[in-house]
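Notebook open, model loaded. I want to look up a few side chains and one backbone angle and jot down what turns up.

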Amino acid sequence: WAWGKTVPVVSTFLGLTEAAAGKVLDTTVHMDLPAIDQKAVTPRLKKLDDVVVTPVILALWNIIGPAIAKGEEMVVKPVM
């Protein structure tokens, strides 16, 4: 979105859609875009990160970590 706002061909269209979305949100839920980001989007993304993303990364690290350690033993230690 930020990159698209710098492209002259689409920047006007993106600005208009952002203004229209802001007006619809203000009319329907009486909140602006930054307030929606802060009160609704950010907490849900944090929950997604805590519940899904971080455990997946940790599980993958637990799988590949021993292989990396073994590779280090086989490659780095003989070179040093």
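This is a predicted model: local features need pLDDT of at least 70, side-chain atom pairs count only at pLDDT 80 or more; totals for chains, interfaces and linings use all residues.

Lys46 first: I get 52% relative accessibility, so Lys46 counts as exposed, the cut-off being over 50%.

Next I asked what Lys46 pairs with. Its side chain meets that of Asp50 in a salt bridge, at 2.9 Å from N to O. Side chains of opposite charge can pair when their charged atoms come close. I checked where the two partners sit: Lys46 and Asp50 are both in helix H2, four residues apart, which is about one turn of the helix. For Asp50 I noted 42% relative accessibility, so I put Asp50 down as partly exposed.

How many salt bridges does a search of the whole structure find? I ran through the whole structure and got one.

A polar atom of the Thr42 side chain lies 2.8 Å from the backbone oxygen of Asp37. I have Thr42 as partly exposed, with a relative accessible area of 48%.

Last stop was the loop between helix H1 (8-29) and H2, where I found His30. The phi of His30 is positive, about 55 degrees, although His30 is not a glycine. I flagged that one because most residues other than glycine have a negative phi. Is His30 buried or exposed? I wrote down exposed, because its relative accessible area is 64%.

Note on methods
Residues are numbered from 1 along each chain as its sequence is written. Side-chain values use heavy atoms; hydrogens and water are left out. Buried means under 20% relative accessible area, exposed over 50%, partly exposed in between (1.4 Å probe, protein chains only). A polar contact is a pair of N or O atoms within 3.5 Å; within protein, one must be able to donate a hydrogen and the other to accept it, and residues adjacent in sequence count only if both atoms are side-chain atoms. A salt bridge is a side-chain nitrogen of Lys or Arg within 4 Å of a carboxyl oxygen of Asp or Glu. Helices (H or I, at least four residues) and strands (E, at least two) are DSSP runs, numbered from the N terminus.
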